[in-house]
Structures are given as C-alpha cells and as structure tokens.
Amino acid sequence: MRILVVEDERKVGRALETGLAAEGFEVTLAQTGEEGFYLANAQTFDLLVLDVMLPGHDGLEILATLRKRGVQSPVLLLTARDALEDRVLGRDAGADDYLVKPFAFVELLARIRALLRRGRLDQVIKLKLADLELDLVLRRAMRGGQLLPLTVREFDLLEYLLRNQGHVVSREMLARDVWKEGDRVGSFDNVVDVHVGRLRKKLDEPFRLRLLHTVRGLGFLLSEQP
Ligand code: CA
C-alpha cells in the first residue's frame, strides 16, 4: 500500500513517515506543495494524506486537481483547529475524511485503515482530460464516447502523458519512464517521435479539440490549451 504524505512541518512529516512505515506502508513524504503536487500527479498512490496549509500549492488545490483528473484514491486532509472553512471546502473538493491538528497517531492510523478498506470495495481507476477517458483496469481509452484503437505502447504513452497533463514531458522522460531506456537517451528520440505521431493520429485527428501538443525544443504537452 503506497501512501503519499504532503506535510511542510518537518517534525510532523517525519513522524508520519516513520510511524506509517513501521505499520508496513510504503510512504513517500513531500515537504512542499510543489513537490506534493508533482508527485501526486506523476505517480499512483493508494491513499494521500494532505496538509491543507502548505506553501505553494495548498492541499485543497492538489486535491481538486486530482479529482478533476479522475483520480479516486482516498484523501485524508489535515486541517488546523477550528478551520471549519477548510473542512467544508475539503469535502466539496473531494476529500474522504479529515483530521484536526494536533492529532494522535493511532487516530490517523485508524482513519487510514478505514479509508483503505472502503476504497477497495469501489475502486475505479480512471484518468480524464476533457472528453478523453482512460480506464486503467480495462486498459481502454475512450474519447467522445468512441473507443481509441491503441497499441499497448500507445496506451502506456498516453497514460504517462495523462498523469503529467498540463506539464511538458521531455523525450528523455518518455524514453526513461515509458520505454525504460534510460541509457540510450538521445538516440531514442526518433522512436519516441514515431510513436507520439501515431498516438496523435488516433487521439486527435478525428476530433475538433487538439489535446496533444509539441513544445518545440522541450517535448510534448497533453492539455486542452496549446
Ligand atoms: Ca502546514
């Protein structure tokens, strides 16, 4: 079970990391909003613990972005005492539960276990952007209600771009993370370009709105806006 903890207070973050690891969870700790935002979007976690008050992207912003993308992993918010507004906003943004600081670790653990039990019953893993929807369980890509006939590699490529939607993805990142060709960077650019070209044909050509953009000199961007 992978848990992402986004907490800028060093002591609290470390305590959560150590405590949850001791309970057998695989814990990733992010200590800034930016780092948390990036990790939450780039990787898959079974559960997220988000502090609301963070420098940079705050917890609610991270949560709202994840839910907009269709990520359904349970989210537990950590809020300040009496910050009722945060809890209301959190619920609206798609939080599953919240805990008021300061809290006892056993209480956090109980909440996490309850959320993970609940999550397993109705786990649907889908990634979304505009009218594009990727079902990671069925490995099926739909756009505007039409099934996209993607190869295995094209699906993996699209999944990676969707996880990083709104951010430029370089050819090096694709070679390393999709093709697992970390050492052949550079000579691999043509292979990446050919596959991106094929994916674009299936993903964008039949539709009015372009989603896959080339950013000259940098790489590719999956976004509703060019
Ligand atoms: Ca904080």
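**Close-ups of a predicted model**

**View 1. A bridge pair inside the sheet.** In this predicted model, Val49 has its bridge partner in S4, and that partner is Leu76.

**View 2. The whole open sheet.** Five strands make up an open sheet, and reading across it gives the order S2-S1-S3-S4-S5. The pairing is parallel. At the edges sit strand S2 (26-30) and strand S5 (97-100), each of them pairing on one side only. Going from one strand to the next, the twist averages 20°. As a reminder, strands of a sheet pair through backbone hydrogen bonds, either parallel or antiparallel.

**View 3. Two helices packed on the sheet.** Start with helix H1, residues 10-22, which packs on the sheet and touches strand S1 (2-6) along with S2, S3 and S4. The direction of H1 makes about 170° with that of S2. Then look for helix H3, residues 59-68, which also packs on the sheet, touching S1, S3 and S4. Here the comparison strand is S3, and the direction of H3 makes about 150° with that of S3.

View 4. Which residues are the protein donors of the calcium ion? They are Asp8 and Asp51, each through OD, and Met53 through O, lying 2.1 to 2.3 Å from the ion. Along the sequence, the donor residues follow the spacing D-x42-D-x1-M. Asp8 is partly exposed, with a relative accessible area of 30%. Met53 has 60% relative accessibility, so this residue counts as exposed, the cut-off being over 50%.

**View 5. Where H6 meets H8.** Helix H6 (residues 152-163) and helix H8 (residues 189-203) have axes that come within 10 Å and cross at roughly 85°. That angle falls in the 65 to 115 degree range, so H6 and H8 are roughly perpendicular to each other. On the H6 side, the contact is made by Arg153, Glu154, Leu157, Leu158 and Leu161. H8 brings in His195, Val196, Arg198, Leu199, Lys202 and Leu203. Sort the residues of this contact by type and you get six nonpolar, one polar and four charged.

Note on methods
Residues are numbered from 1 along each chain as its sequence is written. This is a predicted model: local features need pLDDT of at least 70, side-chain atom pairs count only at pLDDT 80 or more; totals for chains, interfaces and linings use all residues. Side-chain values use heavy atoms; hydrogens and water are left out. Two strands pair if DSSP finds at least two bridges between them. Helices (H or I, at least four residues) and strands (E, at least two) are DSSP runs, numbered from the N terminus. Axes are lines fitted to C-alpha atoms, for helices over the stretch in contact, and angles run from 0 to 180 degrees between N-to-C directions. Contact means heavy atoms within 4.5 Å. Donors are N, O and S atoms within 2.8 Å of the metal (3.2 Å for Na, K and Ca); water is not among the atoms, so sites may look incomplete. Buried means under 20% relative accessible area, exposed over 50%, partly exposed in between (1.4 Å probe, protein chains only). Angles under 35 degrees count as roughly parallel, over 145 as roughly antiparallel, 65 to 115 as roughly perpendicular and the rest as oblique. Ala, Val, Leu, Ile, Met, Phe, Trp, Tyr, Cys and Pro count as nonpolar, Asp, Glu, Lys and Arg as charged, and the others, Gly among them, as polar.
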